[in-house]
Amino acid sequence: MSDIIIHSSGFPWLTAVVFLPLAGAVLLFFVKDAAVRWTALAVALADLALSLPLAFLYDRSATGMQFAERVSWIVSPPINYAVGVDGISLPLLLLTTFLTPLCVLVSWRAIETRLREFMATMLVMATAMLGVFVALDFILFYVFWEAMLIPMYLLIGVWGGPNRLYAAVKFFLYTLAGSVLLFIAILVLFFQGGHTFDILLLSKAEYSQSLQNWLFWAFFIAFAVKVPMFPFHTWLPDAHVEAPTAGSVFLASVLLKMGAYGFLRFTLPMLPDATVAFTPIMVGLSLIAILYGAYMALAQADLKKLIAYSSVSHMGFVTLGIFALNAQGIEGALMQMINHGITTGALFLCVGIIYERTHSRMIADNFGLANPMPRYATCLVIFTLSSLGLPGTNSFVGEFLILIGTFLWNKVAATVASLGVILAAAYLLWMVQRVAFGPPAGHSASRLFDLDWREMAILMPLIILVFWIGFFPNPLLTVMHTSVDQLIEEEDLEDRAAARKEMVDGQWIMVYGEDKPQEGYPGSLLTINHEPSAISHDDASSI
Amino acid sequence: MSYEFIPLLPFAAFLILGLFGHWIKDRAHLVAVPAVIVSFILSVITFIEVAGGRHTTIPLYTWATSGELSIELSLYVDRLTAVMLLLVTIVSSLVHVYTIGYMRGDRGYARFFAYIALFTFSMLMLVMADNFLQLFIFWEAVGLCSYLLIGHWYERPSACSAATKAFIVNRIGDFGFLLGLLLIYLTFGSLEYRQVFVQAPDLAQETFNLLRPFGGQWEVSTLTLICLLLFMGAMGKSAQVPLHVWLPDAMEGPTPISALIHAATMVTAGVFLVARMAPLYSLSPAAMDVVAITGAATMVLGATIALTQFDIKRIVAWSTVSQLGYMMMACGLGAYAAGIYHLLTHGAFKALLFLGCGSVIIALHHEQDMRRMGGLKDKMPVTHWTFVVGSLALAGFPLTAGFFSKDQILVSAWSAGSLGKLLASLGLATALLTAFYSFRLVFVTFWGDSRVDPRHVGHVHEPSRTMTGPLLILAVLSIAAGYLGIPGFLEPAFPASGSEGPHDSPTAFGIMALATLMGLVGIAVAYFLYVKSPSLPDRLARQWQQLYHLSYNKWYVDEVYDRAVVRPTFQLADRLWNGVDVAVIDGAVNGVARTIAWGGSLMRLIQSGQTQHYALGMTVGAVLILTMYLLM
């Protein structure tokens with residue numbers, strides 16, 4: 001590991017941050033009933049407090065992994081307990097520790113049965129998610145990756161809505177099916193990449209084009225289900241609708257980021273040639289997701305489904321940015337991941353708050369809330385505006401960078417993606433117009449009391465972040481710069497993309513260049529036409 | 001002087017009111033009004049400093065960096081900015097004062113002040129932007145304020161629909177703006193005005209193949225494309241055809257907002273954008289023509305619709321659409337200074353007219369239909385006389401501010417080639433319509449017999465002094481703005497276009513005389529129809545029924561959009577959801593699960609639990625294996 005840079009520090013920060021919630025979950029079974037909520041909250045807050053120093057101790061100018069730890073776990077095959085963070089995983093780690101206390105708080109009264117088990121499940125969930133972001137060993141990663149499914153399955157299946165079993169099983173099987181291919185890919189990499197599970201070493205190794213192509217689709221299925229990319233998205237609305245609020249928040253804010261994180265951590269560095277080759281398909285699917293998700297959101301009558309489909313649209317921007325393969329696109333995608341976590345998480349919290357009062361998630365049952373609940377309406381409007389990417393809020397930063405990155409690479413793709421921005425305004429403002437404004441609903445006013453202190457404490461930090469990131473995105477962006485630049489440079493992503501573009505110039509998706517105008521596209525279209533059939537084939541067999 | 005305080009003071013007022021409005025309540029004006037007035041005083045100082053030839057950039061902070069991209073927010077002040085600062089702060093100050101009286105007792109008093117302070121801040125930041133991204137950020141921010149304020153009375157469904165409509169129509173325009181911004185970054189490698197303007201002449205010849213992705217070839221000038229995309233944004237904000245539909249509906253908002261946002265300042269942002277981008281537009285004759293023709297179309301359309309409306313605010317709103325058309329046409333013909341000059345004078349007299357409408361509306365307990373007005377001139381003399389001054393300025397009556405600025409547009413247009421001559425003629429014709437509809441409004445509302453609801457007729461009276469004061473000041477400005485030497489002040493800010501012909505030539509005098517005549521004829525016709533023989537308009541309306549309906553129903557543009565865009569969108573969404581998502585995609589997912597379950601149940605048949613079956617299976621298997629061995 002000569003040229004892999006790892007900075008370790010004396011204190012095992014990451015181990016502490018990752019496993020503190022797990023320890024807290026165990027602790028929960030030894031406290032009195034009355035203390036369960038407060039203990040869970042204290043654990044979540046302690047974890048947040050423990051993770052905050054990472055933001056300040058993190059060296060923004062250093063390349064490579066920081067706060068790294070490595071202990072041998074199994075000698076043969078060589079599996080290590082290896083963890084570390086860089087500019088790509090650190091923001092996601094902080095997002096997770098930040099959201100955990102909010103999820104505990106929102107479940108304060110909403111969960112009435114098996115509260116102790118619920119809180120423990122949430123804390124286990126936190127450990128699993130944090131583990132995914134810090135793991136530097138592929139087997140360790142896979143353990144955390146699969147471990148996430150169990151608490152999530154329980155959150156939906158035990159504490160969910162009326163149709164919870166269908167949703168839970170669908171969620172579990174769908175994502176599990178994707179993960180199986182990931183595991184096979186990991187094994188192939190082990191044998192082809194020098195008998196190691198070290199993610200950094202595997203990223204250094206070179207693989208043949210044909211092997212890369214196979215691995216690419218194996219990774220793709222696993223990650224695309226998680227994102228979720230079109231057409232693997234149908235588990236998401238079901239899962240969201242049935243999940244309790246805290247489950248929806250974890251699902252939308254963190255779980256969906258796993259797929260995108262997978263693309264950034266594995267697909268791009270390990271399979272650069274395949275990435276470049278399949279970029280047009282990835283971009284095409286992202287564009288479909290952006291527009292299709294937006295249209296779906298327009299047709300929904302259920303608030304949670306509406307937000308779930310808006311997630312499909314927003315995550316389309318993330319994958320679009322990643323496969324723009326330049327600094328603006330990737331950093332924009334990372335920003336969008338964080339911002340989607342904040343904003344969509346907040347929107348689900350808002351739905352949860354209103355569900356506690358009216359016991360309905362239907363838009364038709366919840367209208368005119370601004371009158372009885374002015375504070376609530378204010379928060380809802382703020383998060384809605386953030387979600388539709390209003391400049392001055394967090395989401396604009398990510399979307400803008402993604403559009404710049406995409407536009408530099410391909411103008412048509414950026415133009416199509418921009419249409420999604422109009423549609424977002426349409427479905428979100430229409431939703432807000434019905435829910436918040438208009439004449440007050442016929443609910444008994446006593447049920448529609450405005451936000452209390454606990455609920456304000458949940459939403460205020462998110463509002464602050466919405467505007468803080470919107471006006472001062474640079475501190476967050478500088479965390480990403482070194483790692484993203486390193487990713488692009490080490491893998492020559494931009495050069496490879498340019499070379500590829502030269503090679504298949506004239507392809508339908510390429511638009512602009514200084515070089516010769518093409519004669520027409522039929523010949524070159526063939527080069528990529530193999531792939532769409534390959535996807536449809538893969539997806540049929542994977543389900 | 002440090003210019004930061006001009007936008008920061010209203011922002012501070014917004015923050016205080018936004019966070020503590022709940023406790024401040026009825027004292028909200030004590031926070032907002034002083035902040036905006038001080039901002040106005042600072043703008044006057046700025047104006048004087050800039051007149052001395054200064055222009056400055058004050059860096060604020062680095063907003064974002066990524067790859068090669070780096071965006072610094074800063075404040076830029078030059079002559080154009082100085083004029084806009086003056087307009088924004090003075091109208092905003094007067095509207096703040098007027099609001100004290102107009103919104104007294106409203107549940108959302110503090111909220112209203114918070115929003116108009118936020119609007120003032122955003123608009124100031126917009127005109128002080130020194131790069132395209134900052135322009136875009138505050139461009140959207142003023143749109144947001146407009147959305148929030150149109151929907152101020154959120155319990156009225158019509159107000160909410162109008163707010164949503166305004167935002168979405170503007171988003172459609174901003175889609176173009178955003179693409180223009182991306183294309184600028186790709187072409188110039190920077191989003192800063194100066195970098196872009198300096199490089200623009202060198203790139204004037206660069207072309208862009210629009211049909212490249214489809215294998216065709218259609219070369220367009222890159223600069224033209226940039227200009228047209230940016231103009232899409234301007235069309236949304238400045239309510240140009242065909243994106244004008246939101247502005248009249250925006251009248252659902254409280255009247256002070258109509259005056260500040262939907263007449264004097266925000267809607268002029270599109271005109272400001274074109275003027276600010278003059279160094280780019282000047283290099284693209286094709287884009288200029290599009291701007292000029294769109295402006296002229298808007299000018300005519302707005303005026304023809306204003307002729308037949310009955311809601312007094314909507315008449316003034318349609319007149320705004322028409323006047324924005326004048327400004328846009330001037331910019332498109334290269335007469336930027338004339339366009340901005342008219343923007344300024346229009347800001348004064350249109351704010352006056354709206355606030356005048358507001359006084360009437362309050363006096364009549366929120367009545368807006370002029371068929372239930374009339375005879376108000378003796379009961380509300382201040383409102384009446386200031387309203388007449390405003391209408392005279394709008395009609396281009398000699399020696400009012402509107403006369404000078406409109407005249408300058410027409411004279412400059414006339415000297416701008418054959419297209420200019422055609423559009424100038426349209427402008428003259430529209431001047432007739434303008435004079436007619438503005439005095440129709442005056443005569444029907446203030447003159448003649450009272451048709452006011454008898455319940456209210458007794459207590460119709462002049463509003464409080466916080467409301468009449470701004471009216472008087474604006475009336476003075478509607479005349480005085482013509483004598484401040486604004487065009488000469490602005491001239492150096494724009495590239496010389498050649499279309500600014502000499503204003504003392506015989507042709508110029510001819511146009512001036514003709515425009516004056518048009519105005520007088522318009523007023524005379526209105527007097528004849530609505531004072532002398534008030535039964536005639538109805539007869540005319542019946543006789544020209546189709547034309548009347550076309551005008552009264554706003555050329556059916558809303559209906560066309562509803563059928564062609566809105567409903568198909570929702571239908572498509574619904575069909576995609578039920579037809580594709582539920583049936584095909586999720587159907588496939590559940591189908592796979594069902595197939596596996598079915599396969600499993602088939603396999604289960606084999607597991608019969610009877611020894612004979614297993615024995616039979618083993619025997620058959622053994623035979624098969626043996627056979628294969630023997631055959632191979």
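Axes are lines fitted to C-alpha atoms, for helices over the stretch in contact, and angles run from 0 to 180 degrees between N-to-C directions. Two packed helices are described by the angle between their axes and the distance between the axes. The structure is a predicted model, in which local features need pLDDT of at least 70 and side-chain atom pairs count only at pLDDT 80 or more, while totals for chains, interfaces and linings use all residues. Residues are numbered from 1 along each chain as its sequence is written, and chains are lettered from A and ligands numbered from 1 in the order in which they are written.

Chain A contains 21 helices and two strands; helices (H or I, at least four residues) and strands (E, at least two) are DSSP runs, numbered from the N terminus. Of the 543 residues in chain A, 61% are buried. A residue is buried if 20 or more other C-beta atoms lie within 10 Å of its own, exposed if 12 or fewer, and partly exposed in between, with C-beta atoms placed from the backbone. Among the contacts in chain A with a separation of 6 or more, 78% are between residues 24 or more positions apart. Two residues are in contact if their C-beta atoms, placed from the backbone, lie within 7 Å.

One helix pair in chain A is formed by α16 (residues 394-409) and α17 (residues 411-435), whose axes come within 7 Å and cross at roughly 155 degrees. That angle makes α16(A) roughly antiparallel to α17(A); angles under 35 degrees count as roughly parallel, over 145 as roughly antiparallel, 65 to 115 as roughly perpendicular and the rest as oblique. From α16(A), the contact draws on Glu399(A), Leu403(A), Thr406(A) and Phe407(A), and from α17(A) on Lys411(A), Ala413(A), Ala414(A), Ala417(A), Ser418(A) and Val421(A). By class, the residues of this contact are six nonpolar, two polar and two charged. Here Ala, Val, Leu, Ile, Met, Phe, Trp, Tyr, Cys and Pro count as nonpolar, Asp, Glu, Lys and Arg as charged, and the others, Gly among them, as polar.

Chain B has 26 helices and four strands, and its C-alpha trace spans about 115 × 65 × 60 Å along its principal axes. Buried residues account for 55% of its 632 residues. Of the contacts in chain B between residues at least 6 apart in sequence, 80% join residues at least 24 apart.

Within chain B, helix α14 (residues 312-332) packs against helix α17 (residues 401-414) at an angle of about 40 degrees, with the axes 10 Å apart. This makes α14(B) oblique to α17(B). The contact involves Tyr326(B), Met329(B) and Ala330(B) of α14(B), together with Lys406(B), Ile409(B), Ser412(B) and Ala413(B) of α17(B). Five of these residues are nonpolar, one is polar and one is charged. Because 14 of the 14 residues of α17(B) are buried, this helix is largely enclosed by the rest of the structure.

Helix α16 (residues 381-395) of chain B has 15 residues and reaches 21 Å from its first C-alpha to its last, close to the 21 Å expected at 1.5 Å a residue; the expected span is 1.5 Å times one less than the number of residues. Since 11 of those 15 residues are buried, α16(B) is also largely enclosed by the rest of the structure. Among the buried residues are His384(B), Phe387(B) and Leu392(B). Their cover includes α14, α15 (336-363), α17, α18 (417-446), α20 (465-480) and α22 (506-532) of chain B. After α16(B) comes Gly396(B), whose phi is positive, near 75 degrees.

Between the chains, 44 residues of chain B are in contact with 49 residues of chain A. On the chain B side, β1 (56-66), α5 (132-150), α6 (157-188) and α25 (557-606) each supply at least two residues. The most come from α6(B), with 13 residues. By class, this side has 28 nonpolar, nine polar and seven charged residues.

Thr187(B) lies in helix α6 of chain B and counts as partly exposed because it has 18 C-beta neighbours inside 10 Å. Not counting residues up to four places away in sequence, Thr187(B) touches Leu203(B), Thr222(B) and Ile226(B). Asn553(B), in the loop between α24 (545-552) and α25 of chain B, likewise counts as partly exposed, with 13 C-beta neighbours inside 10 Å. Its C-alpha atom is separated by 8.9 Å from that of Gln309(B), 244 residues apart along the chain.
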